[in-house]
Amino acid sequence: MREFAFELALCAHLEGGEGPGGDALLSRQLGAHVHGRRVVDVLAVDPGPEFAERAAITPERIPTAAVEADVGPGRARYWKDAFDCHPERAERAKDLAVERGFFEAERRGGRTYVRQVARYPDWFGSLVAIENKPDLGRPGDLEMQLRTDVSLGLVDEVVLATASHVTRAHLNRIPDEVGVWRFDPETGEREVIRDATPLAVDDPGVEVVESYPGRTDVRVVGSEEKQRARRRLAERAYGKGWRTFDYPACAQCSPDDDGLPQCAWKGRSVRASDECGTSCAGYEESEAVAVDTDSLRAERSPWEPEPAGRKRQQSGLDRFG
């Protein structure tokens with residue numbers, strides 16, 4: 001079982017079903033680090049008490065610099081005075097925030113002033129990171145990756161998903177805090193071998209920054225820094241989703257009901273960039289199939305593709321209509 005096909009099957013199983021993906025937003029291949037280079041396979045973001053307020057703003061990611069800027073929903077501020085970061089990053093964040101409906105802008109005396117259309121809400125609850133390793137016989141850097149996730153504590157829970165039979169020896173090689181699932185992508189059956197232990201996301205963590213033979217460089221990450229990183233991670237998941245793959249331009253590809261790029265010749269989901277094209281013996285040139293992945297995501301998760309937005313109306317203008 002290739003990891004790509006396994007990952008897509010697991011996401012399709014979790015989305016709208018039981019478990020951490022039931023009412024959550026799922027996303028794939030996200031940077032879950034602060035100073036290091038860790039990428040998690042799947043992230044499940046549980047909606048928090050103010051999720052509806054977040055969904056009403058924009059279906060896209062709100063730039064971190066815009067969220068952290070000294071801009072509120074009250075009096076508009078000159079945008080250059082509101083950011084504490086590199087000017088180019090600040091300008092890009094300002095432009096994206098306006099484009100995506102988080103800021104509204106107005107011109108005064110040749111300057112651009114901005115304010116939030118609504119207060120940035122406390123919109124997400126727990127974050128669950130899922131590391132996919134369908135074949136435990138080829139673990140790679142699995143143990144180090146999971147130990148990094150646990151020691152940093154950026155997410156609330158960490159889970160290992162596999163198609164392999166899980167032995168006591170396997171469990172002994174990974175941190176006790178990591179939950180373990182055995183998942184069959186053919187049948188969609190998921191067995192919880194071990195529950196995950198909640199991590200101390202409010203406490204400082206230790207992040208592996210670099211690893212060399214005989215030496216590992218680590219860095220302590222403070223609580224406030226972790227909270228900012230969690231918000232950034234959740235925002236990226238909200239804007240990205242998990243159906244981020246391309247569909248092959250091949251007659252053998254026929255997406256299934258979950259939108260997965262199924263290849264009839266290979267009998268499984270395929271990654272267009274790695275497995276499709278003239279080098280494949282089953283390749284039949286064709287137009288890539290158009291799939292409305294936004295509609296699928298909206299139907300099966302709480303993500304809102306076309307929110308009404310929170311843009312203000314200038315008070316009093318209706319009196320002169």
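Colleague: How many residues lie between β8 and β9 in their hairpin?

Modeller: Four residues separate β8 and β9 in that hairpin. Within the turn, glycine 188 has a positive phi of about 80°. Please bear in mind that the model is predicted.

Colleague: And how many bridges join the two strands?

Modeller: There are five bridges between β8, residues 179-184, and β9, residues 189-194, and the strands run antiparallel. One of the pairs is arginine 182 with its bridge partner glutamate 191 in β9.

Colleague: Which sheet order do these strands belong to?

Modeller: The order is β1-β2-β6-β7-β8-β9, an open sheet of six strands with mixed pairing. Its edge strands are β1 (25-31) and β9, each of which pairs on one side only. On average, neighbouring strands of this sheet are turned by 30° against each other, direction ignored.

Colleague: Which strands does helix α1 lie across?

Modeller: Helix α1, residues 3-14, lies across β1, β2, β6 (124-132), β7, β8 and β9. Its direction is at about 150° to β1.

Colleague: Let us take asparagine 132 next. Is asparagine 132 buried or exposed?

Modeller: Asparagine 132, which is found in strand β6, is buried, because its relative accessibility is 0% and the limit for that class is under 20%.

Colleague: What does the side chain of asparagine 132 make a polar contact with?

Modeller: The partner is the side chain of glutamate 7, at 3.1 Å. Leaving aside residues up to four places away in sequence, asparagine 132 touches Glu3, Phe6, Glu7, Leu10, Asp41, Val42 and Ala161. Helix α1 covers residues 3-14, and the touched residues Glu3, Phe6, Glu7 and Leu10 are among those listed for asparagine 132.

Colleague: Turning to the open sheet of three strands, what is its order?

Modeller: The order is β3-β5-β4, with antiparallel pairing. β3 (77-78) and β4 (103-108) are the edge strands, each pairing on one side only. β4 and strand β5, residues 111-116, run antiparallel and are joined by six bridges. Arginine 107 has threonine 112 as its bridge partner in β5.

Colleague: Which helix lies across β4 and β5?

Modeller: That is helix α5, residues 87-99, running at about 110° to β4.

Colleague: Where is alanine 105, and what does it touch?

Modeller: Alanine 105 is in strand β4. Apart from residues up to four places away in sequence, alanine 105 touches Val98, Thr112, Tyr113 and Val114. The C-alpha atoms of alanine 105 and arginine 115 are separated by 6.8 Å, although the two residues are ten apart along the chain.

Colleague: How accessible is alanine 105?

Modeller: Alanine 105 is partly exposed, with a relative accessible area of 45%.

Colleague: How many residues lie between the strands in the hairpin of β10 and β11?

Modeller: Two residues lie between them, and glycine 214 in that hairpin takes a positive phi near 85°. Seven bridges pair strand β10, residues 205-212, with strand β11, residues 215-221, in the antiparallel sense. Glutamate 207 has arginine 219 as its bridge partner in β11.

Colleague: A change of topic: how many disulfides does a search of the whole structure find?

Modeller: The search finds zero disulfides. For cysteine 253, the nearest cysteine sulfur is that of cysteine 276, 7.0 Å away.

Colleague: Are cysteine 253 and cysteine 263 buried or exposed?

Modeller: Cysteine 253 is buried, at a relative accessible area of 6%. Cysteine 263 is buried as well, at 10%.

Colleague: Finally, what pLDDT does the chain average?

Modeller: The chain averages 91, and 94% of the residues score at least 70. Over residues 312-321, however, the pLDDT is below 50, and beyond near neighbours in sequence that stretch has five contacts in the model.

Colleague: Where is confidence lowest and highest among the elements named for the chain?

Modeller: Confidence is lowest in helix α9, residues 272-275, at a mean of 88, and highest in strand β7, residues 157-162, at 98.

Technical notes:
Residues numbered from 1 in each chain as written. Heavy atoms only, no water. Disulfide = S-S within 2.5 Å. Buried < 20%, exposed > 50% of the residue type's maximum accessible area, 1.4 Å probe, protein only. Pairing = 2+ DSSP bridges. pLDDT = per-residue confidence, 0-100. Contact = heavy atoms within 4.5 Å. Axes fitted to C-alpha atoms, helices over the stretch in contact; angles between N-to-C directions. Polar contact = N/O pair within 3.5 Å; in protein donor to acceptor, adjacent residues only side chain to side chain.
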